Amino acid sequence: TMASPDDLKFQEFEEATDLLLADPGASTLSMSGSSSTAPAGATGDIKLDMSDDEGQEESSELLRGEKQTSGFWTFEYYQSFFNVDTMQVLDRVKGSVMPLPGRNFIKHTLQSSPDLYGPFWICVTLVFSLAISGNLSTFLNSLGSPHYHYRPQFHRVTIAAVVIFLYAWLVPLGVWGFLTWRQREERQQSGYSFLETVCVYGYSLFIYIPTSVLWILPFEWLRWLLILVAMVISGSVLVLTFWPVVRDDTKVTAFATVATIVVLHALLSIGCKMYFFQTATLTPTLTPVPTLAPNHTAAILTNKTH
(Lines give C-alpha, C1' and ligand atoms only; values in the text may rest on other atoms or scores of the structure.)
Protein backbone atom coordinates (compact mmCIF):
# COMPACT_ATOMS: atom_id res chain seq x y z
CA THR A 1 0.00 0.00 0.00
CA MET A 2 1.14 3.53 -0.74
CA ALA A 3 1.64 5.95 2.19
CA SER A 4 -0.47 9.04 2.33
CA PRO A 5 1.15 12.50 2.36
CA ASP A 6 0.27 12.90 6.05
CA ASP A 7 2.13 9.68 6.89
CA LEU A 8 5.22 10.92 5.00
CA LYS A 9 5.19 14.22 6.90
CA PHE A 10 4.83 12.43 10.22
CA GLN A 11 7.70 10.10 9.32
CA GLU A 12 9.95 13.04 8.44
CA PHE A 13 9.15 14.64 11.78
CA GLU A 14 10.09 11.42 13.60
CA GLU A 15 13.42 11.24 11.73
CA ALA A 16 14.24 14.83 12.67
CA THR A 17 13.37 14.09 16.30
CA ASP A 18 15.66 11.04 16.34
CA LEU A 19 18.53 13.15 14.91
CA LEU A 20 18.09 15.77 17.63
CA LEU A 21 18.08 13.13 20.35
CA ALA A 22 21.24 11.57 18.93
CA ASP A 23 23.09 14.93 18.63
CA PRO A 24 21.54 17.70 20.75
CA GLY A 25 24.22 20.25 19.73
CA ALA A 26 23.43 20.07 16.04
CA SER A 27 22.31 23.30 14.37
CA THR A 28 18.94 23.37 12.71
CA LEU A 29 17.44 25.57 10.05
CA SER A 30 13.76 26.16 9.53
CA MET A 31 12.54 27.45 6.16
CA SER A 32 8.91 28.21 5.54
CA GLY A 33 7.35 26.85 2.37
CA SER A 34 10.01 24.08 1.92
CA SER A 35 9.72 20.39 2.77
CA SER A 36 13.45 19.61 2.72
CA THR A 37 16.09 20.30 5.32
CA ALA A 38 19.24 22.23 4.51
CA PRO A 39 22.69 21.36 5.85
CA ALA A 40 24.23 23.42 8.59
CA GLY A 41 26.96 24.74 6.30
CA ALA A 42 24.41 26.61 4.17
CA THR A 43 23.51 28.97 6.99
CA GLY A 44 26.13 31.58 6.10
CA ASP A 45 25.03 31.73 2.45
CA ILE A 46 21.44 32.27 3.42
CA LYS A 47 22.38 35.05 5.86
CA LEU A 48 24.36 36.75 3.13
CA ASP A 49 21.40 36.64 0.79
CA MET A 50 19.16 38.10 3.49
CA SER A 51 21.56 41.02 4.04
CA ASP A 52 21.62 41.69 0.32
CA ASP A 53 17.84 41.79 0.30
CA GLU A 54 17.89 44.30 3.15
CA GLY A 55 20.35 46.51 1.25
CA GLN A 56 18.15 46.38 -1.84
CA GLU A 57 15.09 47.30 0.20
CA GLU A 58 16.97 50.23 1.80
CA SER A 59 18.15 51.54 -1.55
CA SER A 60 14.65 51.21 -3.00
CA GLU A 61 13.29 53.18 -0.05
CA LEU A 62 15.81 55.94 -0.67
CA LEU A 63 14.90 56.05 -4.37
CA ARG A 64 11.19 56.26 -3.57
CA GLY A 65 11.81 58.87 -0.86
CA GLU A 66 10.14 56.70 1.79
CA LYS A 67 13.14 56.37 4.08
CA GLN A 68 12.87 58.58 7.13
CA THR A 69 15.55 61.23 7.54
CA SER A 70 16.70 62.82 10.76
CA GLY A 71 15.04 66.02 11.93
CA PHE A 72 16.67 69.38 11.34
CA TRP A 73 17.31 69.74 15.09
CA THR A 74 19.60 66.67 15.14
CA PHE A 75 23.34 66.56 14.51
CA GLU A 76 22.94 63.85 11.85
CA TYR A 77 20.84 66.17 9.69
CA TYR A 78 23.61 68.80 9.41
CA GLN A 79 26.39 66.22 9.26
CA SER A 80 25.24 65.18 5.79
CA PHE A 81 25.94 68.69 4.45
CA PHE A 82 29.59 68.46 5.56
CA ASN A 83 30.11 65.01 4.06
CA VAL A 84 32.18 66.03 1.04
CA ASP A 85 35.69 65.16 -0.06
CA THR A 86 38.49 67.44 -1.19
CA MET A 87 38.00 66.82 -4.89
CA GLN A 88 34.33 67.82 -4.74
CA VAL A 89 35.19 71.08 -2.98
CA LEU A 90 37.97 71.84 -5.47
CA ASP A 91 35.67 71.18 -8.43
CA ARG A 92 33.08 73.54 -6.97
CA VAL A 93 35.68 76.23 -6.32
CA LYS A 94 36.88 75.83 -9.89
CA GLY A 95 33.33 76.21 -11.15
CA SER A 96 32.86 79.39 -9.11
CA VAL A 97 35.91 81.15 -10.59
CA MET A 98 35.34 79.99 -14.17
CA PRO A 99 31.67 80.58 -15.00
CA LEU A 100 30.68 79.50 -18.48
CA PRO A 101 27.61 80.65 -20.42
CA GLY A 102 24.81 78.12 -20.20
CA ARG A 103 26.25 76.29 -17.20
CA ASN A 104 24.08 76.52 -14.11
CA PHE A 105 26.24 76.25 -10.98
CA ILE A 106 23.61 74.35 -9.01
CA LYS A 107 22.60 71.95 -11.77
CA HIS A 108 25.99 71.30 -13.37
CA THR A 109 28.47 71.78 -10.50
CA LEU A 110 26.54 71.04 -7.32
CA GLN A 111 24.35 68.50 -9.12
CA SER A 112 21.57 69.07 -6.56
CA SER A 113 23.91 68.01 -3.74
CA PRO A 114 24.72 71.18 -1.74
CA ASP A 115 27.26 71.29 1.06
CA LEU A 116 28.03 73.75 3.84
CA TYR A 117 31.67 72.76 4.31
CA GLY A 118 33.00 74.81 1.40
CA PRO A 119 30.91 77.96 2.00
CA PHE A 120 31.74 77.96 5.72
CA TRP A 121 35.51 77.81 5.29
CA ILE A 122 35.41 80.24 2.37
CA CYS A 123 33.66 82.79 4.60
CA VAL A 124 36.10 82.20 7.48
CA THR A 125 39.11 82.56 5.19
CA LEU A 126 37.70 85.70 3.62
CA VAL A 127 37.13 87.27 7.06
CA PHE A 128 40.76 86.87 8.10
CA SER A 129 42.02 87.74 4.63
CA LEU A 130 40.18 91.07 4.67
CA ALA A 131 41.25 91.95 8.21
CA ILE A 132 44.92 90.99 7.84
CA SER A 133 45.33 92.43 4.35
CA GLY A 134 43.65 95.66 5.45
CA ASN A 135 46.05 96.05 8.38
CA LEU A 136 49.05 95.38 6.14
CA SER A 137 47.78 97.87 3.57
CA THR A 138 47.42 100.59 6.21
CA PHE A 139 50.88 99.85 7.55
CA LEU A 140 52.55 99.92 4.12
CA ASN A 141 50.80 103.14 3.12
CA SER A 142 51.96 104.87 6.30
CA LEU A 143 55.46 103.40 6.35
CA GLY A 144 58.14 106.04 6.69
CA SER A 145 55.88 108.68 8.14
CA PRO A 146 57.29 110.03 11.46
CA HIS A 147 53.80 110.91 12.67
CA TYR A 148 52.34 107.41 12.24
CA HIS A 149 52.32 104.88 15.07
CA TYR A 150 51.18 101.37 14.09
CA ARG A 151 48.45 99.83 16.19
CA PRO A 152 46.91 96.45 15.21
CA GLN A 153 43.22 96.91 14.57
CA PHE A 154 41.70 93.67 15.84
CA HIS A 155 38.18 95.08 15.65
CA ARG A 156 38.38 94.68 11.89
CA VAL A 157 38.14 90.90 12.31
CA THR A 158 34.84 91.28 14.12
CA ILE A 159 33.46 93.72 11.56
CA ALA A 160 34.53 91.49 8.66
CA ALA A 161 32.94 88.43 10.29
CA VAL A 162 29.63 90.21 10.87
CA VAL A 163 29.49 91.61 7.33
CA ILE A 164 30.53 88.42 5.50
CA PHE A 165 28.39 85.96 7.45
CA LEU A 166 25.33 88.21 7.43
CA TYR A 167 25.67 88.58 3.68
CA ALA A 168 26.25 84.85 3.16
CA TRP A 169 23.09 83.92 5.14
CA LEU A 170 20.60 86.79 5.09
CA VAL A 171 20.84 87.63 1.38
CA PRO A 172 20.33 83.99 0.30
CA LEU A 173 17.44 83.76 2.75
CA GLY A 174 15.81 86.80 1.18
CA VAL A 175 16.42 85.58 -2.37
CA TRP A 176 15.09 82.10 -1.58
CA GLY A 177 12.01 83.48 0.16
CA PHE A 178 11.21 85.85 -2.68
CA LEU A 179 11.67 83.19 -5.38
CA THR A 180 9.54 80.71 -3.43
CA TRP A 181 6.77 83.27 -3.08
CA ARG A 182 6.87 84.17 -6.78
CA GLN A 183 6.76 80.53 -7.82
CA ARG A 184 3.64 79.96 -5.73
CA GLU A 185 2.01 83.07 -7.15
CA GLU A 186 2.81 82.14 -10.75
CA ARG A 187 2.38 78.37 -10.18
CA GLN A 188 5.78 77.69 -11.68
CA GLN A 189 8.03 74.71 -11.17
CA SER A 190 9.88 74.32 -7.91
CA GLY A 191 13.16 76.22 -7.79
CA TYR A 192 16.16 75.88 -5.54
CA SER A 193 16.20 74.94 -1.89
CA PHE A 194 17.50 77.28 0.79
CA LEU A 195 20.70 75.26 1.24
CA GLU A 196 21.37 75.31 -2.49
CA THR A 197 20.99 79.09 -2.48
CA VAL A 198 23.37 79.43 0.50
CA CYS A 199 25.85 77.11 -1.20
CA VAL A 200 26.03 79.08 -4.46
CA TYR A 201 26.42 82.35 -2.55
CA GLY A 202 29.19 80.89 -0.39
CA TYR A 203 31.22 79.59 -3.33
CA SER A 204 30.73 82.84 -5.26
CA LEU A 205 32.71 84.65 -2.52
CA PHE A 206 35.87 82.60 -3.14
CA ILE A 207 37.18 84.98 -5.81
CA TYR A 208 37.43 87.74 -3.19
CA ILE A 209 40.05 85.83 -1.18
CA PRO A 210 42.91 86.27 -3.71
CA THR A 211 41.49 89.68 -4.60
CA SER A 212 41.77 90.90 -1.01
CA VAL A 213 45.38 89.71 -0.87
CA LEU A 214 46.22 91.64 -4.03
CA TRP A 215 44.58 94.73 -2.57
CA ILE A 216 47.68 95.10 -0.39
CA LEU A 217 49.51 96.57 -3.37
CA PRO A 218 49.49 100.36 -2.94
CA PHE A 219 48.04 101.17 -6.37
CA GLU A 220 44.55 102.58 -6.31
CA TRP A 221 43.87 101.95 -10.00
CA LEU A 222 44.88 98.30 -9.59
CA ARG A 223 42.52 97.86 -6.64
CA TRP A 224 39.55 99.17 -8.60
CA LEU A 225 40.48 96.99 -11.56
CA LEU A 226 40.60 93.93 -9.28
CA ILE A 227 37.19 94.87 -7.85
CA LEU A 228 35.73 95.02 -11.34
CA VAL A 229 37.17 91.63 -12.31
CA ALA A 230 35.99 89.98 -9.07
CA MET A 231 32.48 91.44 -9.42
CA VAL A 232 32.19 90.23 -13.01
CA ILE A 233 33.30 86.69 -12.14
CA SER A 234 31.26 86.23 -8.96
CA GLY A 235 28.27 88.12 -10.33
CA SER A 236 28.24 85.91 -13.43
CA VAL A 237 27.96 82.82 -11.22
CA LEU A 238 24.89 84.26 -9.51
CA VAL A 239 23.25 85.54 -12.70
CA LEU A 240 23.76 82.28 -14.61
CA THR A 241 22.32 80.38 -11.65
CA PHE A 242 19.22 82.43 -10.85
CA TRP A 243 18.25 83.66 -14.30
CA PRO A 244 16.75 80.29 -15.40
CA VAL A 245 14.47 80.44 -12.36
CA VAL A 246 13.19 84.00 -12.84
CA ARG A 247 13.07 84.24 -16.64
CA ASP A 248 9.58 82.67 -16.77
CA ASP A 249 8.25 85.45 -14.55
CA THR A 250 7.25 88.87 -15.85
CA LYS A 251 10.04 90.85 -17.48
CA VAL A 252 9.97 93.58 -14.85
CA THR A 253 10.18 91.09 -11.97
CA ALA A 254 12.90 89.03 -13.66
CA PHE A 255 15.19 91.95 -14.43
CA ALA A 256 14.52 93.59 -11.07
CA THR A 257 15.43 90.39 -9.22
CA VAL A 258 18.68 89.89 -11.14
CA ALA A 259 19.57 93.58 -10.80
CA THR A 260 19.02 93.42 -7.02
CA ILE A 261 21.28 90.38 -6.74
CA VAL A 262 24.04 92.11 -8.72
CA VAL A 263 23.73 95.42 -6.84
CA LEU A 264 23.93 93.76 -3.41
CA HIS A 265 26.98 91.82 -4.54
CA ALA A 266 28.62 94.99 -5.83
CA LEU A 267 27.87 96.84 -2.59
CA LEU A 268 29.62 94.11 -0.62
CA SER A 269 32.83 94.28 -2.66
CA ILE A 270 32.94 98.08 -2.86
CA GLY A 271 32.13 98.45 0.84
CA CYS A 272 34.90 96.04 1.84
CA LYS A 273 37.39 97.91 -0.31
CA MET A 274 36.39 101.32 1.01
CA TYR A 275 36.49 100.29 4.67
CA PHE A 276 39.41 97.86 4.89
CA PHE A 277 41.61 99.39 2.19
CA GLN A 278 40.91 103.09 2.41
CA THR A 279 43.70 105.37 1.26
CA ALA A 280 45.29 106.96 4.29
CA THR A 281 45.62 110.70 4.06
CA LEU A 282 48.09 111.83 6.65
CA THR A 283 48.05 115.48 7.65
CA PRO A 284 51.33 116.61 9.15
CA THR A 285 51.02 117.94 12.67
CA LEU A 286 52.61 121.34 13.18
CA THR A 287 54.62 121.90 16.36
CA PRO A 288 53.49 125.13 18.01
CA VAL A 289 56.22 127.78 18.38
CA PRO A 290 56.25 129.37 21.84
CA THR A 291 55.56 133.09 21.80
CA LEU A 292 57.43 135.51 24.06
CA ALA A 293 55.63 137.82 26.37
CA PRO A 294 56.12 141.64 25.81
CA ASN A 295 58.13 142.17 29.02
CA HIS A 296 60.50 139.32 28.06
CA THR A 297 60.99 140.88 24.63
CA ALA A 298 61.84 144.28 26.21
CA ALA A 299 64.32 142.63 28.57
CA ILE A 300 66.05 140.91 25.69
CA LEU A 301 66.36 144.16 23.74
CA THR A 302 67.78 145.95 26.81
CA ASN A 303 70.41 143.29 27.31
CA LYS A 304 71.43 143.58 23.69
CA THR A 305 71.95 147.30 23.95
CA HIS A 306 74.26 146.87 26.94
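Predicted model: local features only at pLDDT ≥ 70, side-chain atom pairs only at ≥ 80, totals over all residues.
Modeller: Residues are numbered from 1 along each chain as its sequence is written, and side-chain values use heavy atoms, with hydrogens and water left out.

Colleague: Why is the pair of phenylalanine 120 and phenylalanine 165 called tilted?

Modeller: Rings of Phe, Tyr and Trp (its six-membered ring) pair if their centres lie within 6.5 Å; planes under 30 degrees apart count as stacked, over 60 as edge-to-face and the rest as tilted. Here the centres are 6.3 Å apart and the planes stand at 55°, so the pair is tilted.

Colleague: What makes this pair a tie between parts apart in sequence?

Modeller: Phenylalanine 120 lies in helix H6 and phenylalanine 165 in helix H7, so the pair ties together parts 45 residues apart in sequence. Helices here are DSSP runs (H or I, at least four residues), numbered from the N terminus.

Colleague: Why does phenylalanine 120 count as partly exposed?

Modeller: Buried means under 20% relative accessible area, exposed over 50%, and partly exposed in between (1.4 Å probe, protein chains only). Phenylalanine 120 has 37% relative accessibility, so it counts as partly exposed. Phenylalanine 165, at 26%, is also partly exposed.

Colleague: How do you know that H8 is largely enclosed by the rest of the structure?

Modeller: Of its 11 residues, 10 are buried, so H8 is largely enclosed. Among the buried residues are Glu196, Val200 and Tyr201.

Notes
Helix = DSSP H or I, 4+ residues; strand = E, 2+ residues; numbered from the N terminus.
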